[in-house]
Amino acid sequence: MIFDLLFKRGEKKQSKDRRRAYRVCIKDLQVMVHGQSAIFSFTAKDISALGVGVLTDAKAFKPGILIRIDIKKDGKFLATGLTAKVMRAGSGVVGCQFQDMTKVQETVLHTLVLEEQKRQASRRKPAGADCAPGTEGVE
């Protein structure tokens, strides 16, 4: 009985617990999805080192499918040949989790997110201000 009180089996985690990486919104970031006969371009809602949110209502994105994507900004490919699993789709957003990334792909995505995080922090932080605890963007 005490065990059951301490460790509730089968209970789903809160929705905020499902995200494990810092997400950033990067203006004009494009997600290129490789289809069977063409490559389709979508706008990224946000991106982290572990996944990307894609703005689309396309019905082809069903949870569980694997897609091949490239990440592009200002005409330049930042990461190519990524495999992503569609985790959720609805309300105009498709949430994808990157799968089996190479070390190079991991490094590129970590760097992309870190650089944007630094840029956003420098914009909102007044000169000489200390960081306020608990204001991290990890959800």
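Predicted model: local features only at pLDDT ≥ 70, side-chain atom pairs only at ≥ 80, totals over all residues.
I began with strands β2 (residues 39–47) and β3 (residues 51–55), which run antiparallel and are joined by four bridges. Strands here are DSSP runs of E of at least two residues, helices are runs of H or I of at least four, and both are numbered from the N terminus. Two strands count as paired if DSSP finds at least two bridges between them.

Residues are numbered from 1 along each chain as its sequence is written, and side-chain values use heavy atoms, with hydrogens and water left out.

Next I followed the whole sheet. I found a closed barrel of six strands in the order β1-β2-β3-β6-β5-β4, with antiparallel pairing. Neighbouring strands of this sheet are turned by 45 degrees against each other on average, direction ignored.

I then checked the two hairpins that involve β5. β4 and β5 run antiparallel and share seven bridges; Ile67 is bridged to Ala84 in β5. Two residues lie between these strands, and Asp74 in this hairpin has a positive phi near 55 degrees. β5 and β6 also pair in the antiparallel sense, over seven bridges, and Thr83 has Gln99 in β6 as its bridge partner. Their hairpin has two residues between the strands, with Ser91 in the turn at a positive phi of about 55 degrees.

I looked for what lies across the strands. Helix α2 (residues 103–124) lies across β2, β5 (76–90) and β6 (93–99), at about 85 degrees to β5. Angles run from 0 to 180 degrees between N-to-C directions of axes, which are lines fitted to C-alpha atoms, for helices over the stretch in contact; contact means heavy atoms within 4.5 Å.

Which residues touch the most other members of the largest nonpolar core? I found Ile47, Val52, Ile69 and Phe98, out of 26 residues. Such a core is a set of buried Ala, Val, Leu, Ile, Met, Phe, Trp, Tyr and Cys residues joined through side-chain atoms within 4.5 Å. Buried means under 20% relative accessible area, exposed over 50%, and partly exposed in between (1.4 Å probe, protein chains only). β5 gives the most to this core, with four residues.
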